[in-house]
Amino acid sequence: MEHLWIYAAVFAAFVQSLRFMLQKQVKDVGLSTAAATFARFVYAAPVVGLGAVLYANAKAGGLPTLGPGYWGYVVVGGLSQILGTVAVVILFSHRNFAVGMTFKKTEVMLTVLSGYLILGDSVSAYGIAAIVVGFFGVLALSGQGAVFRWRDLISRASLIGLASGVIFSVSGPAYRGASLAVMSDDPFIRASITLACATAFQTVVLLVWMLWRERDQLRAVFVRWRLTGMVAVASMLGSMGWFTAYTLQSAAYVNAVGQVELIFSMIISYFVFSERSTAREYAGIALICASVLALILLG
């Protein structure tokens with residue numbers, strides 16, 4: 001059980017890279033950003049809900065009590081995950097798959113920075129140095145040309161990528177707070193109950209949006225059920241891994257281990273989409289990976 005969170009995080013990172021690959025394909029066949037995001041929740045919600053109830057009944061004889069603040073954590077985590085996923089899917093239209101994933105992974109650095117600015121958490125000199133290294137990595141990824149231009153940093157692709165990192169840096173701690181508010185000693189009960197509630201909430205939010213603004217896209221999600229169904233399966237498995245890891249360990253460490261997703265996404269980018277990154281982009285990815293590793297080991 002001591003190292004279960006590490007295995008759960010690595011598994012979640014692998015499945016999440018597959019899920020983003022599938023969502024990119026969903027968008028490529030004509031579904032909107034909202035539809036590609038909705039696809040990950042709509043099929044998974046009933047399966048996750050039923051599984052959580054059955055598991056809780058089998059292991060604990062019934063559903064556990066939910067502590068104070070539980071639903072607040074679920075709402076914050078659910079909304080931030082929706083918005084973060086939308087940002088990443090939009091990003092795929094601007095940069096290749098591996099670089100898009102790297103922009104998203106700035107969430108680890110941003111979690112450290114926001115903790116210092118908002119909560120007053122101390123950051124060592126090594127931590128500050130690591131953040132600077134990560135900043136140069138972002139600069140390297142910000143432009144298409146061989147020479148960096150400052151306006152590249154405020155390009156639409158760069159801002160969307162950074163926004164996804166900021167938003168996702170909120171969802172992990174929120175989900176950990178929700179899982180810890182489930183009154184049970186079983187980490188799988190905590191994770192599955194929180195996942196079921198969050199998925200149901202996200203499904204309702206996106207369903208309302210699509211009924212209001214994108215009814216034709218709502219129909220397309222179900223017409224292309226084979227592809228969107230695979231997105232839902234990958235989402236469900238990945239989320240269960242993340243939620244289990246968040247239940248057992250702080251979000252900062254879980255997200256740090258989750259950086260192995262960069263390796264998975266680059267493999268997918270090369271073999272599935274036949275995309276080739278430039279030397280500058282590889283350098284940017286390496287700098288961000290080094291920054292994250294330094295934050296964990298020295299920060």
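**Close-up views of an all-helix predicted model**

**View 1. Overall fold.** Along the sequence, the protein follows the pattern α-α-α-α-α-α-α-α-α-α-α-α-α-α. Its secondary structure comes to 14 helices and zero strands; helices (H or I, at least four residues) and strands (E, at least two) are DSSP runs, numbered from the N terminus. The model is predicted: local features need pLDDT of at least 70, side-chain atom pairs count only at pLDDT 80 or more, and totals for chains, interfaces and linings use all residues. Residues are numbered from 1 along each chain as its sequence is written, and side-chain values use heavy atoms, with hydrogens and water left out. Of the 299 residues, 52% count as buried (under 20% relative accessible area; exposed is over 50%, partly exposed in between; 1.4 Å probe, protein chains only). Among contacts (heavy atoms within 4.5 Å) between residues at least 6 apart in sequence, 86% join residues at least 24 apart.

**View 2. The largest nonpolar core.** This core has 28 residues, and those with the most contacts inside it are Tyr70, Ile193, Trp242, Phe243 and Val254. At least two residues each are supplied by H1 (4–28), H3 (44–60), H4 (70–91), H8 (156–180), H9 (187–213), H11 (225–248) and H12 (251–257). H9 gives the largest share, seven residues. A nonpolar core is a set of buried Ala, Val, Leu, Ile, Met, Phe, Trp, Tyr and Cys residues joined through side-chain atoms within 4.5 Å.

**View 3. Surroundings of Trp242.** Neighbours within four places in sequence are left aside; Trp242 is then in contact with Ala9, Ala12, Ala13, Gln16, Val254, Gly258 and Glu261.

**View 4. Helix H2.** Helix H2 (residues 33–42) is mostly covered, with 10 of its 10 residues buried. Its buried residues include Phe38, Arg40 and Phe41. Their cover includes H1, H3, H4, H9, H10 (215–223) and H11.

**View 5. A nonpolar surface patch.** Ile128, Val132, Val133, Phe135, Phe136 and Leu287 make a nonpolar patch of about 490 Å². Such a patch joins nonpolar side chains (Val, Leu, Ile, Met, Phe, Trp, Tyr) within 5 Å, from residues with over 30% relative accessible area and no salt bridge (a side-chain nitrogen of Lys or Arg within 4 Å of a carboxyl oxygen of Asp or Glu). Areas come from the Shrake-Rupley method with a 1.4 Å probe; for residues, only the protein chains shown count as cover. Helix H7 (residues 125–142) gives the most to the patch, with five residues. Phe135 is found in H7 and counts as partly exposed because its relative accessibility is 38%.

Definitions and conventions: Patch = residues over 30% accessible without salt bridge, like charges linked within 9 Å, V, L, I, M, F, W, Y side chains within 5 Å.
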